[in-house]
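Hi,

Here is the structure I promised to pass on.

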Amino acid sequence: MGRAFEYRKATKLKRWGHMAKTFTRLGKQIAIAVQSGGPEPENNPALRSIIATCKRENMPKDNIERAIKNAMGKDKSAYKSMTYEGYGPHGIAIFVDTLTDNTTRTVADVRSVFNKFSGTLGTTGSLAFLFDHKCVFTFKKKADTDMDELILELIDFNVDDEFDEDEEEGTVTVYGDPKSYAQIQKYLEEQGFEDIGGDFTYIPNDLKDVTPEQRETIDKMVERLEDFDDVQTVYTNMKPAENTEE
């Protein structure tokens, strides 16, 4: 399995947090999709993709329908995607992905955590060289799928030649250029793949070793950041524990 898959697998529980937090994150993504493309999944590719992801995360159907209905209300909020990046303790790079309707509140919350842990909040883009920004699609694999042939076709849409397959779940995950998100989704749907869940991620390209004590401090900082409702995902370049000799 590839580097991207191993990193995501090892850090999934820590990054996504508990189930309620995951549903909050997905609910905001539904709101953005509905407000930009309407409430009907068949006419809104972005909403279709998010609903597939919701199902994969076991988000109840009632929660999904409620999120769509709330997004259509008169008091709907205009969420804005903002990223904050900097260095935490022990030189670990930290990337905070947020969706917010109040950037003043969000940056103050994020800065307070960086300050508490003696970190340094940098300018947007200052840590871009440490992470690869990717769009991610996970979908059900068809029995007659030739993955080498599929990847060859997807390369035209800037998809990486490395993919990850989960035989137990019967799914395949591919990674590509975020700018090609819509093209990749359209191609997969046209080819008849089902449950195409799309997302975006940041994959560290240079993982850093830490001691158990240092890991504990970084984990506490990440947990504090994840406590904020505006925070979608927190990424670090800290080597996952199960891949570290301690």
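Some housekeeping before that. This is a predicted model, so local features need pLDDT of at least 70 and side-chain atom pairs count only at pLDDT 80 or more, while totals for chains, interfaces and linings use all residues. Residues are numbered from 1 along each chain as its sequence is written, and side-chain values use heavy atoms, with hydrogens and water left out.

The pocket

The second largest pocket holds about 460 Å³ of space. A pocket here is an open set of points on a 1 Å grid over the protein atoms alone, where a 1.4 Å probe fits, with protein on both sides within 12 Å along at least five of seven lines; lining residues have an atom within 4 Å of a point. The volume is the space filled by probe spheres set on the points, which are joined across faces, edges and corners.

Its lining has 22 residues, and Gln29, Ile32, Leu99, Asp199 and Phe200 lie nearest the centre. Two or more lining residues come from each of H2 (19-37), H3 (45-56), E1 (80-87), E2 (93-100), E7 (197-204) and E8 (231-236). Helices (H or I, at least four residues) and strands (E, at least two) are DSSP runs, numbered from the N terminus. H2 gives the largest share, 5 residues. By class, the lining has 10 nonpolar, 9 polar and 3 charged residues (Ala, Val, Leu, Ile, Met, Phe, Trp, Tyr, Cys and Pro count as nonpolar, Asp, Glu, Lys and Arg as charged, and the others, Gly among them, as polar).

The helix pairs

H3 also packs against H7, at an angle of about 75° and with the axes 11 Å apart. Axes are lines fitted to C-alpha atoms, for helices over the stretch in contact, and angles run from 0 to 180 degrees between N-to-C directions. H3 and H7 are therefore roughly perpendicular (65 to 115 degrees; under 35 is roughly parallel, over 145 roughly antiparallel and the rest oblique). Pro45, Ala46, Arg48 and Ser49 of H3 touch Tyr181, Gln185 and Glu189 of H7, contact meaning heavy atoms within 4.5 Å.

H7 (residues 181-190) packs with H6 (residues 147-154) too, at about 140° with axes 11 Å apart, so this pair is oblique. Here Leu150, Glu153 and Leu154 of H6 meet Ile184, Tyr187 and Leu188 of H7; that makes 5 nonpolar, no polar and 1 charged residue.

Finally, the axes of H5 (residues 103-116) and H8 (residues 212-226) come within 10 Å and cross at roughly 165°, which makes H5 roughly antiparallel to H8. Val110, Val113, Phe114 and Lys116 of H5 contact Met221, Arg224 and Leu225 of H8.

Cheers
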